[in-house]
Amino acid sequence: MNQLTVLVTDDDQDIRDGIEIYLKNEGYRVLKAADGLEAIELLEQNEVHCMILDIMMPKMDGITATFKIRAERNIPIIMLSAKAEQSDKIHGLSVGADDYITKPFHPLELMARVKSQLRRYVNFGTAGEAAPLVEGLELDAAAREIRVDGEPVKLTPTEYKITELLLKNAGRVYSISDIYELVWNEPAYNAENIVAVHIRKIREKIEADPKNPRYLKVVWGLGYKIEK
């Protein structure tokens with residue numbers, strides 16, 4: 001595969017330049033933008049495999065940019081924010097971000113998160129035909145796509161990974177900690193709301209009636225499963 005490209009979007013030039021140094025040391029191609037508008041322009045002109053996106057920016061903030069990006073693309077988005085409240089993290093994830101890191105952060109932690117997101121995005125699965133693992137639900141690992149009754153569903157990389165995990169193991173109950181550790185590849189800490197946000201977004205996309213789900217079920221006190 002060609003060199004992977006990461007787009008860094010932050011209105012602070014020192015932060016952009018600092019992140020660029022670490023990304024280039026890891027072998028990534030780096031693009032930089034000072035606001036959401038510039039980031040979207042770069043996305044239209046370049047193949048980008050991962051975004052690091054600040055929330056508070058002039059012209060177009062990170063939340064608005066994420067809404068617009070998610071309408072067309074499912075590349076991983078890691079949000080940056082000076083706000084460390086759990087509610088802010090949940091809001092960022094609910095609009096389509098795959099990960100969220102608060103400032104100030106250690107550059108090596110950010111690099112680890114970039115690598116984790118790229119692994120999920122680039123290597124979701126092996127090539128193969130779409131297979132109906134559960135009646136009405138199909139998993140196409142080659143296209144990194146879930147189909148409901150034959151229609152493709154737009155999932156973010158993290159939403160796809162959660163769905164893939166539960167679908168390949170239909171009928172098995174996974175706890176919130178299990179899901180977080182298997183998908184995020186890090187120990188689960190205060191993961192309840194983060195996982196719940198992603199489960200809600202997945203239900204909104206794969207269920208005809210998200211409040212009465214046909215596929216993605218909660219097993220109270222234990223976790224979640226996809227019904228066989």
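Colleague: How many Å separate the centres of domain 1 and domain 2?
Modeller: In this predicted model, the centres of domain 1 and domain 2, taken over C-alpha atoms, are separated by 23 Å.

Colleague: And where do the two domains run in the protein?
Modeller: Domain 1 covers residues 5-125, and domain 2 covers residues 137-226.

Colleague: How many residues of each are in contact?
Modeller: On the side of domain 1 there are 24 residues in contact, and they meet 21 residues of domain 2. The area buried between domain 1 and domain 2 comes to about 1800 Å², and carbon and sulfur atoms give 52% of that area.

Colleague: Let's turn to helices. At what angle do H1 and H5 cross?
Modeller: Helix H1, residues 13-25, and helix H5, residues 107-122, cross at roughly 55 degrees, and their axes come within 10 Å.

Colleague: What about H2 and H3, parallel or antiparallel?
Modeller: The axes of H2 (residues 36-45) and H3 (residues 62-70) come within 9 Å and cross at roughly 25 degrees. Angles under 35 degrees count as roughly parallel, and therefore H2 is described as roughly parallel to H3. H2 passes H3 in a right-handed crossing.

Colleague: And what kinds of residues make that contact?
Modeller: Gly36, Ile40 and Leu43 in H2 meet Ala65, Lys68 and Ile69 in H3, and these residues divide into four nonpolar, one polar and one charged.

Colleague: How do H7 and H8 pack?
Modeller: H7, which spans residues 176-184, packs against H8, residues 192-206, at an angle of about 80 degrees, with the axes of the two helices 10 Å apart. An angle from 65 to 115 degrees counts as roughly perpendicular, so that is how H7 lies relative to H8. In this contact Ile176, Ile179, Tyr180 and Trp184 of H7 meet Glu192, Ile194, Val195 and His198 of H8, a set that divides into six nonpolar, one polar and one charged.

Colleague: Switching to the backbone, which peptide bond is cis?
Modeller: The bond from Lys103 to Pro104 is cis, with omega near -5 degrees. Pro104 has its place in the loop between strand S5, residues 99-102, and H5.

Colleague: One last thing, what is the phi of Lys59?
Modeller: Lys59 has a positive phi of about 65 degrees, although Lys59 is not a glycine. As for its place, Lys59 lies in the loop between strand S3, residues 50-54, and H3.

Key
Residues are numbered from 1 along each chain as its sequence is written. This is a predicted model: local features need pLDDT of at least 70, side-chain atom pairs count only at pLDDT 80 or more; totals for chains, interfaces and linings use all residues. Side-chain values use heavy atoms; hydrogens and water are left out. Axes are lines fitted to C-alpha atoms, for helices over the stretch in contact, and angles run from 0 to 180 degrees between N-to-C directions. Helices (H or I, at least four residues) and strands (E, at least two) are DSSP runs, numbered from the N terminus. Angles under 35 degrees count as roughly parallel, over 145 as roughly antiparallel, 65 to 115 as roughly perpendicular and the rest as oblique. A crossing is left-handed if the near helix is turned anticlockwise from the far one by less than a right angle, and right-handed if clockwise. Contact means heavy atoms within 4.5 Å. Ala, Val, Leu, Ile, Met, Phe, Trp, Tyr, Cys and Pro count as nonpolar, Asp, Glu, Lys and Arg as charged, and the others, Gly among them, as polar. Domain bounds come from an automatic or database domain assignment. Buried area is the accessible area (1.4 Å probe) that two parts lose on being put together, summed over both.
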